[in-house]
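Dear colleague,

I am passing on the structure below, and I would be grateful if you could look through it alongside the notes that follow.

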Amino acid sequence: MPVQFSSKLQSLLIPPTRVVVFTGAGISAESGVPTFRGENGLWNEFRVEELATPQAFAAHPGRVWEWYGWRRQLIARIQPNPAHLAVAKFEKYFANCCLVTQNVDGLHSRAGSERILRLHGDIWEVRCVACGLHGTDLREVLPSLPPCCECGGTLRPGVVWFGEMLPAGVFESAVQAVESCGLFFSVGTSAEVFPAAQLPAIARRHGAYVVEVNIERSAAAHEAHEVLLGKAGEILPELAAHLQDTPAGRSTPETESR
Ligand code: BV8
Ligand code: ZN
């Protein structure tokens, strides 16, 4: 059944609109990546404190590394889904479209998105605890961590753990984009993890039209002007199909809008 969305939203699906797409684990669910909360969520099976904090890594580096190795193996076998592809189409269509993701799975870039603000890092990256060296493209899944090639220090997954600051400047860039956008999509996030979860409220406060896409109402649903209940892999392609064939960037002056 085609997705019903408002004429207001349809009126915003034209290039001059500045768009932010904010995503969480739910956009990868239809690819087979387990989400964190809700049915079959990772946190139902694993304890955050034991796996996704710097203290956990300091206490049991091997166990934490194995868990990330398990997640990488899982993600390496799957493909971006139609929701990721639709987001990449948005970026190509709107001259001003910024993707802000909490996800670390790398599926947005594999789907063709390029302008990505990764709030919580990248599971395919490693970082040296001692000298901060950033290793990237860890495509193979290592059973255990080699020492840092620069200083022999300990390498860790290049993600942001609970209790850690977000990468310098990334959240600030996200807030800047959100404050100046005209259309804000919040896709597949429970809006339970901060400071990322503040973005829908910031968008609302700064005058953006806020649309939530989720299979259930999130903790930030009250900030949305419109909640589209359903799977991201079904709703986002329908939204992308509504993009008229005006190529990105061509905007008529009188329609120049936020
Ligand atoms: C920090 C990387 C400064 C690792 C992750 C207030 C302000 C600031 C901080 C805090 C604060 N209050 C509390 C804190 C501390 C903490 C926090 O937020 N705790 C929560 C639990 C209360 N925040 C931090 O520690 C952050 N650091 O703020 O630094 C600081 C430092 C110290 C003290 C204070 C401040 C760092 C947080 C980053 C943690 N790292 N990931 C890894 O992945 O292993 S978080 C992890 O959760 C993932 O990144 C994930 O993306 C993210 C958020 O979850 P969601 O993406 O929303 O996923 P979830 O499973 O929850 O929900 C899925 C949704 O999809 C659901 O709504 C579901 O309905 C929907 N869905 C499912 N299927 C579909 C679907 N929707 C559409 N279609 C479908 N098919
Ligand atoms: Zn090092």
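The shell around ligand 1 is made up of 16 nonpolar, 12 polar and seven charged residues, where Ala, Val, Leu, Ile, Met, Phe, Trp, Tyr, Cys and Pro count as nonpolar, Asp, Glu, Lys and Arg as charged, and the others, Gly among them, as polar. Please bear in mind that this is a predicted model, in which local features need pLDDT of at least 70 and side-chain atom pairs count only at pLDDT 80 or more, while totals for chains, interfaces and linings use all residues. Residues are numbered from 1 along each chain as its sequence is written, chains are lettered from A and ligands numbered from 1 in the order in which they are written, and side-chain values use heavy atoms, with hydrogens and water left out.

In total, 35 residues surround ligand 1, the closest being Phe36, Arg37, Arg71, Glu164 and Ser190; a residue counts as near if one of its heavy atoms lies within 4 Å of the molecule. Domain 1 (7-32 + 80-120 + 166-255) and domain 2 (42-77 + 125-159) both contribute residues to this shell, so ligand 1 lies between them, the domain bounds coming from an automatic or database domain assignment.

As for polar backbone atoms, one of phenylalanine 36 is 2.6 Å from an oxygen atom of ligand 1, and one of valine 160 is 2.7 Å from a nitrogen atom of ligand 1, whereas a backbone N or O atom of glycine 188 lies 3.2 Å from a ligand oxygen atom. Taken alone, ligand 1 exposes 1,500 Å², of which the protein buries 78%, with accessible areas from the Shrake-Rupley method with a 1.4 Å probe.

Away from these contacts, the peptide bond from phenylalanine 194 to proline 195 is cis, with omega near 0°.

Definitions and conventions: Polar contact = N/O pair within 3.5 Å; in protein donor to acceptor, adjacent residues only side chain to side chain.
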